[in-house]
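Dear colleague,

I am passing on the structure that we spoke about, and my notes on it follow below. Please read them with the model open beside you.

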Amino acid sequence: MSGLVLHLSANQADRLLGAAYTCFPNECCGLIEGRCAEDGWHVVQLHEMPNIAEDPSRHFLIDPQPQIELLRRLRGTGHAVIGCFHSHPRGLAEPSTTDLERAVDDDFVWLIAGGVPDDFSFNAYVFSSGTFTKLTIDIPK
Ligand SMILES: [Zn+2]
């Protein structure tokens, strides 16, 4: 397992907050393209995807079609899907009990934005052995 740091650019952080803002009062969601290194996880790109949950204001379910397309596109690039992101409208930037129930993949990064349109914040976690561990987020200036 890599160091517990998620390396994110300022642009990617803006993109996450922008998606949370735009989708409000529904949850935004998508997958994180990145790579694993000695010093943690490096985000290459956030891929926002349609939330096809029955009640997108309370849950998220990522449309499987663009997920499959992304996995195909990443084949042989050295990049992988290292995690997912979603938002908690009017909620906290931390995993909910539903997130804990739904998390299956070990060493999978979860970026979660919580709040209201003008005041969203986010945290990153890694899921492993049944629990979420908070990651340090490194955003270079
Ligand atoms: Zn959630």
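Before the metal site, a word on terms: donors are N, O and S atoms within 2.8 Å of the metal (3.2 Å for Na, K and Ca), and because water is not among the atoms, sites may look incomplete. Four donors count as tetrahedral if all angles lie between 85 and 135 degrees; four count as square planar and six as octahedral if opposite donors are over 155 degrees apart and all others between 65 and 115, and anything else is irregular.

This is a predicted model, in which local features need pLDDT of at least 70 and side-chain atom pairs count only at pLDDT 80 or more, while totals for chains, interfaces and linings use all residues. Residues are numbered from 1 along each chain as its sequence is written, and side-chain values use heavy atoms, with hydrogens and water left out.

The zinc ion has as its protein donors His86 (NE2), His88 (NE2), Asp99 (OD) and Asp99 (OD), which lie 2.0 to 2.5 Å from it. The arrangement is irregular because the 4 donor atoms subtend angles of 55 to 153° around the zinc ion. Along the chain, the donors follow the spacing H-x1-H-x10-D. His86 lies in strand S4 and Asp99 in helix H3 (residues 97-102), so this pair ties together parts that are 13 residues apart in sequence; helices (H or I, at least four residues) and strands (E, at least two) are DSSP runs, numbered from the N terminus. Both His86 and Asp99 are buried, where buried means under 20% relative accessible area, exposed over 50%, and partly exposed in between (1.4 Å probe, protein chains only).

A nonpolar core is a set of buried Ala, Val, Leu, Ile, Met, Phe, Trp, Tyr and Cys residues joined through side-chain atoms within 4.5 Å. The largest one has 22 residues, and Leu6, Ile32 and Leu111 have the most contacts inside it. At least two residues of this core come from each of helix H1 (10-23) and strands S3 (40-49), S4 (80-89), S5 (108-116) and S6 (119-128). Apart from it lies another core, of 15 residues, including Ile62, Leu70, Leu74 and Tyr125.

Some backbone details also deserve a look. Most residues other than glycine have a negative phi, and most peptide bonds are trans. Phe24 and Pro25, however, are joined by a cis peptide bond with omega of about 5°, and Pro25 is found in the loop between H1 and strand S2 (29-37). Asp107, which is not a glycine, has a positive phi of about 60°.

Best wishes
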